Amino acid sequence: MDKDSMIVCIEGMDEVVSFTIAIPLAATFLQLKEEIEAKTGVMVERQIIFDKVKHETLPDNFTVNNWGFQSPAEVLLMVLPLPLGTEINITVSIPTIGDNFNLKVEDKQTVLELKRKICSIRNNIDPDEILLYHLATEMEDNKQLYKYFVNQGSKIILLFH
């Protein structure tokens, strides 16, 4: 990384998912959101980013440098859920058996509800026997899918205990 860029540590509001992005100091927060979209698939319009230290919303037109961040910068990302009843297509991948299949889900569903839906399609699987991952993060049963940035086209990895 050069002196004209910085690392931004991005953490989900519920401390569920975290990742880093290198971005030029001259980049705007809108450009940071575009980088987040490229990494997670979450559309810019559904993102609100906050300064983790100052507890302020980061305006799209401000630059990383003008905000006065020190590297690494720490921001919180809130993803707005889709309207109730909006279905998205996701892919479930079971790498241990080389299987992939598509599902329609709502991003407000819980991980446990997704597990049950998977098990209703794959009768030989028990929800207690599987772990689900998105963006290299193990998903907890009681959390909603959008908190893991699950959105249209997301790939969920299914592993067995």
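## Close-up views of a predicted model

**View 1. Two annotated spans.** The end C-alpha atoms of residues 88-161 lie 27 Å apart, and this span is 15% helix and 38% strand. For residues 6-79, the end C-alpha atoms are 23 Å apart, with 22% helix and 38% strand. Helices (H or I, at least four residues) and strands (E, at least two) are DSSP runs, numbered from the N terminus. An unreviewed UniProt entry annotates residues 6-79 and 88-161 as "domain: Ubiquitin-like". UniProt positions follow the numbering used here, feature names are shortened, and annotations may be inferred rather than shown by experiment. This is a predicted model: local features need pLDDT of at least 70, side-chain atom pairs count only at pLDDT 80 or more, and totals for chains, interfaces and linings use all residues. Residues are numbered from 1 along each chain as its sequence is written, and side-chain values use heavy atoms, leaving out hydrogens and water.

View 2. Thr63 sits in the loop between strand S4 (56-57) and helix H2 (64-67). Thr63 is buried, at 15% relative accessibility. Buried means under 20% relative accessible area, exposed over 50%, and partly exposed in between (1.4 Å probe, protein chains only). A polar atom of the Thr63 side chain lies 3.0 Å from the backbone nitrogen of Asn66. Leaving aside neighbours within four places in sequence, Thr63 is in contact (heavy atoms within 4.5 Å) with Leu25, Ala26, Ala27, Thr28 and Phe29.

**View 3. The Asp60 and Lys33 salt bridge.** A salt bridge is a side-chain nitrogen of Lys or Arg within 4 Å of a carboxyl oxygen of Asp or Glu. By this rule the count is five. In one of them, Asp60 pairs with Lys33, with the closest N and O atoms 2.8 Å apart. Asp60 lies in the loop between S4 and H2 and Lys33 in helix H1 (residues 29-40), so the pair ties together parts 27 residues apart in sequence. Asp60 is partly exposed at 33% relative accessibility. Lys33 is buried at 8%.

**View 4. The Arg46 and Asp107 salt bridge.** The closest N and O atoms of Arg46 and Asp107 are 2.7 Å apart in this salt bridge. The pair links distant parts of the chain, 61 residues apart: Arg46 is in the loop between H1 and strand S3 (47-51), and Asp107 is in the loop between strand S7 (99-106) and helix H3 (111-121). Arg46 is buried, with a relative accessible area of 8%. Asp107 is buried too, at 1%.

Key
Polar contact = N/O pair within 3.5 Å; in protein donor to acceptor, adjacent residues only side chain to side chain.
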